[in-house]
Amino acid sequence: MQGRGEMFQTFEQELYDAVGRAFPGLTVRSMSRLLGKSSGYWSSMTSQKLPLPTDTLMHLADVMECQKILLPLGSRRA
């Protein structure tokens with residue numbers, strides 16, 4: 001029987017997976033930069049099992065929206 005943590009991904013794991021689909025080659029350092037933080041931020045937050053602050057998530061949403069605007073019309077990546 002799987003433990004609860006093994007059955008369900010955390011929000012942070014799901015977020016990292018989703019961003020990784022949009023940005024192939026994503027690393028924990030580049031994820032930190034997408035969040036507007038220093039290169040060790042993502043690793044630190046996830047290792048401490050701390051939730052991501054709302055302002056950090058809003059920054060990521062802004063970055064994603066800007067990237068979407070820069071993509072060619074009809075791009076699959078969008």
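Visitor: Is Lys-49 buried or exposed?
Guide: This is a predicted model, in which local features need pLDDT of at least 70 and side-chain atom pairs count only at pLDDT 80 or more, whereas totals for chains, interfaces and linings use all residues. Residues are numbered from 1 along each chain as its sequence is written, and side-chain values use heavy atoms, leaving out hydrogens and water. Because its relative accessible area is 72%, and the classes are buried under 20%, exposed over 50% and partly exposed in between, with a 1.4 Å probe and protein chains only, Lys-49 counts as exposed.

Visitor: What is the phi of Lys-49?
Guide: Lys-49 lies in the loop between α4 and α5, where helices are DSSP runs (H or I, at least four residues) numbered from the N terminus. Most residues other than glycine have a negative phi. Lys-49 is not a glycine, yet its phi is positive, at about 55°.

Visitor: How far apart in space are Asp-55 and Leu-35?
Guide: Asp-55 belongs to helix α5, which covers residues 54-70, and is exposed, with a relative accessible area of 52%. Asp-55 and Leu-35 are separated by 20 residues in sequence, while their C-alpha to C-alpha distance is 9.2 Å.

Visitor: Which residues does Leu-34 touch, not counting those up to four places away in sequence?
Guide: Leu-34 is one of the residues that touch the most other members of the largest nonpolar core, a set of 14. Helices α2 (11-22), α3 (28-34), α4 (41-47) and α5 each give two or more residues to this core. With contact meaning heavy atoms within 4.5 Å, the partners of Leu-34 are Val-19, Phe-23, Leu-26, His-59, Leu-60 and Val-63.

Terms used
A nonpolar core is a set of buried Ala, Val, Leu, Ile, Met, Phe, Trp, Tyr and Cys residues joined through side-chain atoms within 4.5 Å.
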